[in-house]
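This report goes through one protein chain, from its overall make-up to a few of its parts. Please look at the sequence and the structure before reading on.

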Amino acid sequence: MADLKSGEPFGLDNSFIATIDWNLALRRAIYDMRSDFIFAPHLRFICGRAGKEVVDQLKSDLKSGTFSPSVPITIDVPKSHCMRVLVPSRRGGPPFSRPGSILLPPDRIFYQALADRAAPIIESKTDKRRSFSHWLAEGDSESMFQPTRACWSRLQRSLAKHAKSKSLQYILKIDVANFFGSLNQHTMINILSDAGYPKSLSSRLEALLTSYTGERSSRGILQGMYPSDLLGNHYMAPIDEFLDEYGTPSARYVDDIYIFVESVDAADKLLRILIPYLRGYDLALNEAKSVIMPKASLLTEEPDLEALIF
């Protein structure tokens with residue numbers, strides 16, 4: 001892998017430039033902008049009206065080795081839930097937040113193009129018995145992924161199936177703390193390379209990610225765009241593999257994992273192994289959201305399951 005440093009100009013071999021479907025990357029970038037955390041209609045206008053020119057300039061910069069990633073635009077985006085207030089109050093506490101980012105058109109298109117090349121490789125390595133988020137849409141869909149509701153419905157059906165087992169009485173529900181902000185970029189690139197992603201592309205992808213998040217930590221990826229959804233979901237593939245080898249049923253949606261076990265003791269035994277395993281990927285449990293619960297409580301957590309189980 002080439003030693004590319006954050007912020008330094010770099011290029012891409014012509015053989016790889018020729019294999020990229022730049023029109024697809026452009027269409028997906030435009031479509032993805034509809035749900036950006038930051039409202040920037042002028043960027044979508046540029047891609048819509050002058051997308052070909054942007055792509056041509058991007059390809060020229062990559063061929064000449066003069067492409068240099070730009071700085072992302074990032075803001076704090078409030079989450080839907082708030083901090084608890086333990087005194088009488090007429091209002092909830094302050095809302096939690098997460099960083100939301102957008103990229104300038106050349107970076108957005110290039111990031112999408114690199115993700116498009118990774119998508120079929122990731123698809124082939126996804127355990128669809130356990131992972132239900134961000135399934136790829138068929139063909140060259142500009143939406144890239146199947147509808148969220150369809151993916152969520154498959155998760156619910158999997159949970160309902162496992163919940164019917166008489167031997168599995170408890171669910172270990174795990175949430176990863178600050179998931180997108182904790183990902184180890186180098187580890188993620190290694191996981192992707194092990195799956196078959198070309199090293200010449202993975203070195204450029206890592207250079208992009210490091211430029212966007214800061215060379216000092218090399219932690220985290222930008223939230224709120226298709227490529228990050230794809231890569232973030234794939235980062236959890238080793239966890240699915242671990243649970244498969246352990247022999248316990250599970251269902252995952254991004255970083256939310258439902259693990260079915262026989263007893264509280266079985267959950268305790270699994271956690272003693274799983275927590276250090278997660279740490280190996282720079283991930284930690286969100287203790288406030290992780291819980292061991294009787295499987296009957298799943299209806300409270302996921303009320304849509306009632307129609308599937310009864």
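Among contacts in the chain between residues at least 6 apart in sequence, what percentage join residues at least 24 apart? The figure is 76%. The model is a predicted one. Its chain has 310 residues, and buried residues make up 50% of them. The chain holds 13 helices and six strands.

**Helices H2 and H3**

Two packed helices are described by the angle between their axes and the distance between the axes. For helix H2 (residues 22–32) and helix H3 (residues 41–64), the axes come within 10 Å and cross at roughly 140°. This angle makes H2 oblique to H3. The crossing of H2 and H3 is right-handed.

On the H2 side, the contact is made by Trp22, Leu26 and Ile30; on the H3 side, these meet Arg44, Cys47, Gly48, Gly51, Lys52, Val55, Leu58, Lys59 and Leu62. Sorted by type, the residues of the contact of H2 with H3 are seven nonpolar, two polar and three charged.

**The sheet**

Strands of a sheet pair through backbone hydrogen bonds, either parallel or antiparallel. Here an open sheet of four strands shows antiparallel pairing, in the order S4-S5-S3-S6. Strand S4 (250–253) and strand S6 (291–294) stand at the edges; each has a single partner strand, so one side of each has no neighbour in the sheet. On average, and with direction ignored, neighbouring strands of this sheet are turned by 20° against each other.

Strand S3 (residues 170–175) and S6 run antiparallel and are joined by four bridges. In one of these, Leu172 has Ile292 in S6 as its bridge partner.

Helices also lie against these strands. Helix H5 (residues 148–163) lies across S4 and strand S5 (256–261), and runs at about 160° to S4. Helix H11 (residues 264–279) packs on the sheet, where it touches S3, S5 and S6, and its direction makes about 30° with that of S3.

| Helix | Residues | Buried residues |
|---|---|---|
| H7 | 185–194 | seven of ten |
| H9 | 226–235 | ten of ten |

Both are mostly covered. In H7, the buried residues are Gln185, Thr187, Met188, Ile189, Ile191, Leu192 and Ser193. What covers them includes helix H4 (105–125), H8, H9 and helix H10 (237–246). In H9, the buried residues are Tyr226, Pro227, Ser228, Asp229, Leu230, Leu231, Gly232, Asn233, His234 and Tyr235.

**Ala195**

Where is the place of Ala195? Ala195 is in the loop between helix H7 (185–194) and helix H8 (199–213). Is Ala195 buried or exposed? Its relative accessibility is 17%, and buried means under 20%, so Ala195 counts as buried.

Leaving aside its neighbours within four places in sequence, Ala195 is in contact with Ile121, Lys125 and His234. His234 is also one of the buried residues of H9. The C-alpha atoms of Ala195 and Ser124 are separated by 8.8 Å, although the two residues are 71 residues apart along the chain.

Terms used. Residues numbered from 1 in each chain as written. Predicted model: local features only at pLDDT ≥ 70, side-chain atom pairs only at ≥ 80, totals over all residues. Heavy atoms only, no water. Axes fitted to C-alpha atoms, helices over the stretch in contact; angles between N-to-C directions. Helix = DSSP H or I, 4+ residues; strand = E, 2+ residues; numbered from the N terminus. Parallel < 35°, antiparallel > 145°, perpendicular 65-115°, else oblique. Left-handed = near helix turned anticlockwise from the far one by under 90°. Contact = heavy atoms within 4.5 Å. Nonpolar A, V, L, I, M, F, W, Y, C, P; charged D, E, K, R; others polar. Pairing = 2+ DSSP bridges. Buried < 20%, exposed > 50% of the residue type's maximum accessible area, 1.4 Å probe, protein only.
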